[in-house]
Structures are given as C-alpha cells and as structure tokens.
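I opened my notebook to write down what I looked up, one entry at a time.

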Amino acid sequence: MSRTVVLVDAVRTPFGKAGSLYAGTRADDLMVRAMRGLLERNPKLSPADIEDVAIAAATQTGDQGMNLGRSASLLAGLPNTVPGYSVDRWCAGAMTATTTLAGAIAMGSIDIALAGGVEHMGNHPIGEGLDPNPRFLAERIVEQDALAMGATAERLHDRFPHLTKERADRYALNSQIKTAKAYEEGKIQRDLIPTAARSAELGWGIATVDEPPRPSTTMEGLATLKTPFRPAGRVTPGNSSGLNDGATAALLASEDKAKQLGLSIKAKMVSFAFAGVEPEVMGYGPVPSTKKALATAGLKIEDIGAFEVNEAFAVQVLAFLDHFGIADDDARVNPYGGAIAVGHPLASSGIRLMLNLARTFEEKPEVRYGITTMCIGLGMGGTVIWENPHFKGGK
Amino acid sequence: MTTAISLPEGAPEEVVTNAVVRDVDLAPFGHKGTLALITIDNGLDHTRPNTLGPASLASIDAAITEAISRKPVAIAITGKPFIFAAGADLSALSFLTDRKQALAIGKLGHDVFRRLGEIDTPTFAFINGLALGGGLEIGLHCKYRTLSSTAFTALPEVFLGLVPGWGGATLLPKLIGPERAVQVIMLNALNNNTMMKAKDALALGVVDAVYQPADFLERSVGYAADVLSGKVAVERKDYSTDPSWDSVLATGKAAALKKYGGAEIASPMRALELIAASKTASLSSGFDAEDQVLADLTMSDPLRASLYAFNLIQKKRKKVEGAPKAALARKVSRVGVVGAGLMASQLALLLLRNLKCPVVMTDIDQARADKGVAWVRAELDKLVEKKRMSAEAANRLSLLISGSADQQVFANCDFVIEAIFEELSLKQELFKKLEKIVTPECVLATNTSSLSVERMSEGLANPERVIGFHFFNPVAVMPLLEVARTSKTDDATTATAVSIGKELKKTMIICKDAPGFVVNRLLTRFMGEITDAVDEGTPADVADNAMRSIGFPMSPFELLGLVGPGVALHVAETLHENLGPRYRISPTMQAMVKEGVKSFYIKGDDGKFVANPAAVALIHKGSSPSSAEEVRVRALKALAQEARMMLDEGVVSTPAEIDLCMLMGAGWPMHLGGILPYLDREGISDSECGQRFHAPGVASLPA
C-alpha cells in the first residue's frame, strides 16, 4: 500500500434478538446512533473532515434502502458536504465498507472515512425479497443447499466428518462462556453505544447490553436442540449465530492524518483479501481469503497472534482452525466470544470483529499481528490482517 | 395518593395517555444505579398528541408510584415520538356542570404532578417533543428538564381563557423569575399564542439543556447521570427579592389591557394575580390558589365561549361549512389579477407565494402594471432579507409574476380576480370584456367588499363561474376569506375557489351573495350605531369608549382610523342603498371624508393617542346624547338584530359561521365566542330576537 491505513476507533450498538429489543426501532436509526456514538467518542475529529461514508446492509430496501451511506449521514447530522454510498457483500458488508474505503485512503484519494454496517433482521428477515435466478438450479450453477446458509454449514460437517456436532456444540458453549466472562470484566460494554429503543407497549428504554447471549448454556442443553436444516443434522440454533438487529461503525484514516489530528490509532491495516469457494460450503471461505491476505502481507499463519473469526456457525470456525492447525479452544481465537453468543446482524459484523481485535491489541502488546475474518454467503470469505500499534518487543 | 374522578356526563370519551415505566442502567453513562424512565403515550401517532384527562392523570400517578417502588437513583418522564404532551384534555371542560368537578380536576393534576417535585429522588423531564400547557407543567414540577432542539413549548392557557393552573403559574416565576415568567405566561400567550423554540426555552431558563433529536433520549440520560454525579451543577436562583416584580407585573397587565382594548379580562388578570402571589407563596398555597382560579374560570361563560371559539377555529380551518366536494375543484395553474394597485398587488403576492404558479397582473397602462410587479418583487426581496424566504424561492417566484396593459394575458388563466375601483358598472364591464378572453371554465372572482356579485355576473354567457372572494386587510395577515356564491355560481367554481383558499391557508366561510357579506355587514351596522350616537350629540369619547369593558381589540373609532373613513363611508352607503335605512349615512363621516380627515385619533407629543381636533371639529352635534350604557346596549342590539336577519335570509346557514367570521375577520376575542355567545349571555339575543343563537351549554355554561 502506498499509505498506511489505520483504524481510529470502532463502536457498535448493543445487538438485539430479531423482533425483540429493537422491534420498534428503525434500522437507519440504529445506524445513525452508532455513527453519532462514534463521533461523540472522537471529539478531536470534526465531522466535516470525513471525506466518505460507506454503509453496508445485506437487504437494501425500506429502512435499509435509500443509499444508507448518504441517508444515514444526513440523519446523523453530518454536514451535507460529506458524501456517502452503500455497499453489499452480504455478511461481509461492513468489512467490505472498511476495505473499500481503506483502498481509497491508501491510494491517496481521501484521508478520513467512516465505515459502517447495519442489519435489522426483524424488519428484514434473511432472504427477504430475494428472487434467485432459476438458472442457478436449472443449470446446476449451485445446488439447492447453497441458498440456505444453515444447509451450507451442514455440508461443511459432511465434508469434514471429524468436525463433529459435539465439537461444534463445545465450541458454541465456549463462545457463551467467553462472552459471559468478558461481560463480567466489562470488556464488551466499553464499545457499546447506549441506544434508545422504544416499544409501543413498554415505552422508551435504553439498550446498554447485548440481548442474545445465553450464559446459562450447557452441553446437555445444546444436545437437545433441534436441527432445523435437515433431519438428524448437526447444525442447531445453539451452535449458530441467531437472527439479530444491530449496527456498527468505524473511523478509518491515513496514518499521517490520524497523527496530525491527534486521533487514536487502534490498529494498522496490513492487507486484506476476499476469495471464493463452492457456494455449497460457503463457510470454508475464510481459508482461501486468509491464505491470500497472508501471502499479500508476506506473513505466515504463525505470525498471527490474535484471531477474530466471525461465528456464523461453529463448524465454519472449526473448519478454519482445523485447516490452519489451531486448536478449537486456542486462547488467541475470539477471546471475548463471538457471534454465537452476541449475535450476527449480518452486514454489521465485520466491524464488530475489528473493535474486538483492537481491544486485544490494547491488552496484548506482545501481539504484533491479528486478523479479522468471516465467511460470506454464496461461497466467499474475507480477511483483513492488522498490525498492533501498541506492539512492544520481538522482531 | 389521588382519587380517580369520572368525566362529566355527555363528555366525549377520554383518549387516555398511558404511562409505563422501564429501568435504564446508568452505568454506561458513568453513574451507579438505575433511572426509572416513565413514557407517556396515548398509542396514536403524532397527529393526535398526548393529552391529559382524569384517566391519563391516574395512569401517570400509578407510573410514579411504580417508579418509586423500584428504588431508582432518579426518575425521568418522556413522551411518545415527536410529542411530549399537548396539555390538559379540554374536551371534558365544556361539560362540567359543577364547580366541585372543576376544582377536582385542577386538584387531581396538582396531586399527581407535585409528586415529581416533592419526592426525594431527583426527577427529570426529558421533553422530547411538543409540550404545551399541562404538558410543560409536568416538566416544571420535575427538578430538571432537557428539551429536544426541534421541540416547541408554551403555556398557552391565557390565550385560551385559562391560567397555567397545574403548577405553571406558581412554579415558573419561582424558576425563571417574574420577568421571564410574564413573558412566557402572559406576553407569549397574548401574542397570538407564540410558542418557544428550544433555544428560547433554554435562554429563558425554562429548560436546563437542549439536545438534538437524533439521540435526545441517550443524551438526556447522560445529562441526568452527570447531574447525579455532580459533574453538572444546576444553579437555581431565589427570585423572591427580585426588584422587578412590580414593574413586570405592570408590563403584563398593560399587555393584557392592550390586547383587549383596555378591558380587564378575567383570565389574564387572574394569571397575573397568581404570578404575583408566587413571589412569596409556598408551593402548596400557590397550587391551592391555582385550583380556585381554574375552577372559577372553568365555571364561567367567557371560558366556555373561548373553548367554543377555539374548537370552532380548529375545526373550520380544515372543513369549510357547505363546501362542495373537493374533487369538483378545477386545477389552477395560471392566475390573473386585474388591477395593479396596492390591494391588487397584495393579492398577487399572496397568490404567488402560495400557489407558486404564473400570476399575471394588468392595469390601464404598462407603467402601472410594472409598478405592481415591482412592488411584488420588492416584497419578495424583503422576505429574503428577513430570512423568511430563501433567495432561490424568491428567484423562482420573481420569474412567475408579470404585468401587462393588455388583458389578453389572461387568456390561459384558470382563475382571475379583480381588485379594481369599487363601482358596479366598471366591474360589470370588466367581466364582460374578460369573458371574451378567458375560457368558459375560468373562475372570475371579485374582491368587492360590498357590491353585488350577482349583478356583476348578469348578462354574462357563463355567470356560473363568477364568485365573490373577499379578503380582509392586510390580506397576507388576516385569516378570513368570505366566499360568496350568487344564485348561479356552480359547485365546480365554488370548489375551485375553496381549494385556492385552502392553498392560501385561509379560514373560509361560504355565504350567499348579500351586501357586505358577513363581517362588513355586522361591523358597519355596529359602527353605524356609534356614529349615530355621536351625530345625535353623544360626546365622541363616551360613544367610543362605551364598549371598552367587553374586550374588543380596538374601539370603534380606532377601527375607523384603520379602515379609513372613505372606505367605511362607501360601504355604509352601499349597505344603506341595498339593505335599507337602518344603515344610516353619518354626516360626521361625510364631513371627515370631504375634509380629508383620516382619523378620530392622532398621536400626541408624548406618543399617546389623543382626540384629533380636526375630527372633533367636524362632529355633527345633535341634541339627544346617550349615556355610555345606552350606546353599548343599542350597538349590541343592532348586532343581534342583524345577525338574526342574516340567518333568516340564509346569508350563512349557522350561527357558528357568523362567530367564525367575527373571530377571524374582525379579530373579535375568543371570550365573546366571536359575538353571538356574548349576545346570548347578556340576554340581548332573547330580548331583541326572542331567542338565543346558541343553545345553553354550546358556548356557555349549561342551563
């Protein structure tokens, strides 16, 4: 890259269960809240200095339509001189917003940008309004399984029989335990922007914590859950992320500009990559994307000291770890738990991974590199490699 | 604890504003503990704001109890989207028959709201949207207030004939001092119910902090946390020894007297009394006094007339009595104004600003037409200067106005209004000429104030498209528009006229084409009695002041000065000719017009108005003077008689339309209900016409 791109800061709204916490709240209002919370946390930055805004949503209609990048900026009170656009790469929307803006910064087109993602899966159930071309199936471009994410997760179990349901459940339980511990230690709350949420019956409230975590989860409990994607399957609501509502936002800048304005630097972008796989095993996507990002950066997997892997499905994380020879319970992976516990409002999750990684960087100056990675529907993966600005010692 | 009270018989069912409580964890905002957040919401959208009736108050009371039971570190109350609360539910007040009921409603409000001020737990109002009257008073009882930057607030009670009697009259002066309290409670309310913008409310100290609506609630909770943790200190001043009390109370009184032409009207006087008492009164005794005043006012005819008038104005703003179906209205995309004098230019500007379509003006030569256009453009520039219009909008409108000496420019117009000299033959000739130019559907409207519209349409090929469209001066300000139908005017023409009137944001009545329509007919009859009395030998000041105590905004001769003796005389002559000798022609007025004396009053050296010696010298002195009381009674009798005749003749179909005309066209006060409720309660209707205009209870206390 011609210029170093840094993550100045990232925040998110608390996540809700679809149809619950934010049932009376609009998606664009969630996005606006994350943006305003981010700006409030970074008073040194004048909103007028933001040169572009990219906002992601997987379903871009209704309260997630109207070019969220522009409309949310206006609703958030950004000066009308700040442009904006919306992006979509399904689950990797916010990640793509980040990498696309980073590309513009690296090229020198802009210095400061705001990336974000939102998904209100209560207002926009997964698959809403989709109209898959009949050619997909007629011409066997994809198999039926490719169009249902849960089915692709089952296909990963098929492909890697040693990644058993028991391992997936244990991974899921661990995610709940890590999240509960992180909450106890106040490590998650610090990046949550309290968000007003109204219910017609209950009145106004303020969401301050995630709604989805189930700290009382047990292996026994997980074992009893149904497998909705196929009879005698392995993928359950317990070892998958749920249907959620939430928004995330991140400030990006060129390193020079960040230093000049005295902005915080939470992570430095090293490289990024997106890659495709067979759509039927979309959960495998992070493997090739990570390989590619490592290659671009000239790094090896052993150089990575911290991982934030999106937990769309436990098996998909396991497939990634398995490929790179990392233990299911490796402490470097998702130390605050992941999407199985806190939720996965599709297009918003990419930035949640970044804000978690940034906190790990802060806590662990001995770690030099970290990655954020996630699988993407219709067979893709995305990976961003970051360098710890607090890194001390070593090579 | 409070006891629930039931609605009076006949009252519409209360739209209940429910109050619910939720906990908000303050930890993320930097303070330990929870805040109990009460939301008030009637379950409807912002077009039906939260209002506060007995069941709503009971719900809020229960919510406060519930909030306290949760042992929070603070209690806050907020509204539904865009609305905090629009105040007391007034719909039941008109049905109260017993002073005890009235007293109970006042007391219930106090009993509930004062809990927010008296509990030890700090209380906050997060005023997220419109807060009027009792709505704002909820906030005043709380210890701290935040306000959304786009929300309007006001205490409009004195405008309505009430007082801020759920704590406002006592709490506000103690909170912000007498001068600002008089501004809010008296001056704003009397100035056509001016509401405060958020920055005004903050500057006056009515609220403690203002936040943008995008994250108003979150910021307000943050503010509460900061107050609780001492990060933000809110200072309250003791105003009991403020030196300005006497002078600002005098200012308030002067404003009330000015508004009502010198009359001491109960509502503002009682409000001042409560404000004055708040200097030393305890909250409890202040609230008790408010209860008594509220009960007194509620059980008075003027308040009932006010409520009637208020509802009438609200209702008729939207729905025009007797209007044909709106679907019959024709599209209007080009408008003509005949004449380019001042009146015509004002009409052109009004039409241009609201219809935003091409407006063409004509006059007898190009220079005059150009002058009219130039005047309109200059007015647009002034609006831009005053920041009441954007330069772009003015550019757009400037290009839409044009003037010509050739009436052919009306060829494609859908609506042409004339404002030429008030002479029938000229107007008849004009319409005949226009008919050869415009399409058969083009509406031909006249702004005549007293000539016969019917006769203007005589001999036309399409008389059904002629209609009276009578504005009041100044046309941009006065809200009334009298739409006069001739016997031939068709529904499509009327619907088109009404649709234009709505675009112009006017309140309309549809009347029969009859001399003077409604307002001028009544005002001229009324004025005639005063000038007659003077002509008969009553001293001018006695005659002119005979009506002071009623509360008209100006005396008859002040009005005469505004209208101008020339116009007034002309109207009187037309009505004399068309309606008969009860419209007399005053020799004094004739002399004033002849001598060019414009007014009975002139500004003296000290700036005060004094009798104009030039006018006094012209008074035709008769030998049978009347007393002030005699003048008052004869003038009111004349009004009753004339109003009854108008109803009998079918000029308008309901007494309410006459009241609406006097409220909106003459600016007569709400406590008279326009005029007919006042004539009813004074017994004048009965004695003069043998019947009331309104049944008891409609605009008065029930029988």
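Here are my entries on this predicted model.

**Where the chains meet.** I began with the contact between the two chains. I found 18 residues of chain A in contact with 17 residues of chain B. Next I asked which elements of chain A each supply at least two residues to that side. They are α1 (27–41), β6 (195–199) and β7 (203–207). The largest share comes from β7(A), with four residues. Sorting the side of chain A that touches chain B by class, I noted ten nonpolar, six polar and two charged residues.

**One helix of chain B.** I then turned to α23, which spans residues 587–595 of chain B. B:Thr588, B:Met589 and B:Met592 are buried there. Looking down the axis of α23(B), I saw its buried residues fall within an arc of 100 degrees, so they line one face of the helix. What covers them? I listed α19 (519–535), α22 (565–579) and α24 (613–618) of chain B among the elements that do. After α23(B) comes B:Gly596, and its phi is positive, near 70 degrees.

**The nonpolar core.** My last stop was the largest nonpolar core, which has 353 residues. Which members touch the most others? I wrote down A:Met31, A:Leu252, B:Ile38, B:Ile185, B:Ala348, B:Val416 and B:Val518. A reminder to myself: in soluble globular proteins, nonpolar side chains tend to be buried together.

Definitions and conventions
Residues numbered from 1 in each chain as written. Chains lettered and ligands numbered in written order. Predicted model: local features only at pLDDT ≥ 70, side-chain atom pairs only at ≥ 80, totals over all residues. Contact = placed C-beta atoms within 7 Å. Nonpolar A, V, L, I, M, F, W, Y, C, P; charged D, E, K, R; others polar. Buried ≥ 20, exposed ≤ 12 C-beta atoms within 10 Å, placed from the backbone. Arc of directions from axis to C-beta. Core = buried A, V, L, I, M, F, W, Y, C linked by C-beta atoms within 7 Å.
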